[in-house]
Amino acid sequence: MPAVYLKADDLRLDAVSKNWKRFLSFCASEGIHCNAGVIARNTPALDGARVNEVRAELDALGFGRSWTVWNHGVDHRRVRETHTSDFCGMPLASQIDALRRAQDFVERLTGVRMNAFGAPFNWWDHNTLLALQRFPEIRYVFHIPYVPGKRCYGSELFVEAEPFLGKVRPGARRTFALDEAKRKSERFLSIERSFVLQVHPGRWDHAGFDAFASFVEHVRSAGYVFRPIGDPQDDAPGGPRRSSA
Ligand SMILES: [Zn+2]
């Protein structure tokens with residue numbers, strides 16, 4: 001059965017926004033799996049009591065059941081002029097450090113060690129491939145076509161349909177566009193191939209949520225299931241590529 005790997009970016013585990021609560025609740029109620037990318041920006045006052053509070057909140061939202069998390073770095077910054085970001089144009093040591101800090105932060109908050117990575121803005125470079133080698137527990141990678149020893153959900157599998165509302169700038173509002181999503185996913189649906197649906201639900205307007213629900217209906221009626229990355233069925237033909245070490 002072909003899969004949609006729902007890749008939802010920019011979740012803050014210690015500050016889950018209204019939009020994210022709505023999105024994760026929708027996924028739970030519809031029984032569709034969400035692979036959520038966590039920005040692991042550390043908040044200073046995160047003592048034991050607060051950690052327990054966060055865990056209870058995440059559990060109530062279905063953490064570990066209807067959604068799981070992957071490493072989306074720590075800072076999530078970029079400079080367009082120099083085309084640099086956390087994992088693009090940065091020294092190897094700083095990329096390793098960012099990966100490690102994110103792994104540790106999320107483990108401390110949730111008790112779970114993340115098994116996947118996707119760079120902010122999908123910006124990465126040669127050092128990212130080297131940095132990932134230090135993390136054997138990270139077995140899955142988004143957007144990068146080839147990383148030795150990892151299974152890659154490369155950019156060729158991506159469907160994105162989130163036009164900006166108004167001026168394009170960091171943090172700008174977006175929506176989810178049903179027609180665009182249908183059009184861009186057609187090449188996968190026509191051959192029943194699995195694909196990655198990348199979304200930023202934290203930025204959506206109300207209409208975006210309705211359009212997303214319609215798209216879920218659309219792909220389900222075409223026989224697709226929403227699956228976690230790393231599902232054993234990934235070994236089926238048409239699934240993501242495994243890079244040999
Ligand atoms: Zn992001």
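Author: Start where the helix ends. This is a predicted model. Helix 1 is followed by Gly31, and the phi of Gly31 is positive, near 70°.

Now step back along the helix. Helix 1 covers residues 18-30, which makes 13 residues. At 1.5 Å a residue, they should span 18 Å.

Which residues of helix 1 are buried? They are Trp20, Phe23, Leu24 and Cys27. Look down the axis of helix 1: its buried residues fall within an arc of 90°, so they line one face of the helix. An α-helix has 3.6 residues a turn, so residues three or four places apart point the same way.

Turn to the other side. The face of helix 1 that points away from the buried side carries Lys18 and Ser29, and both are exposed.

What covers the buried residues of helix 1? The cover includes strand 1 (3-11), strand 2 (34-38) and strand 3 (67-71).

For context, here is another part of the chain. Strand 6 (residues 116-117) pairs with strand 7 (residues 140-143) in the parallel sense, over 2 bridges. Phe117 has Val141 of strand 7 as its bridge partner. From strand 6 the chain crosses through helix 4 (residues 126-132) to strand 7, and this β-α-β crossover is right-handed. Strand 7 also pairs in the parallel sense with strand 8 (residues 151-154), over 4 bridges. There, Tyr140 stands opposite Arg151 of strand 8.

How values were computed
Residues numbered from 1 in each chain as written. Predicted model: local features only at pLDDT ≥ 70, side-chain atom pairs only at ≥ 80, totals over all residues. Expected span 1.5 Å × (residues − 1). Buried ≥ 20, exposed ≤ 12 C-beta atoms within 10 Å, placed from the backbone. Arc of directions from axis to C-beta. Contact = placed C-beta atoms within 7 Å. Pairing = 2+ DSSP bridges. Right-handed = clockwise from strand over helix to strand, strands pointing away.
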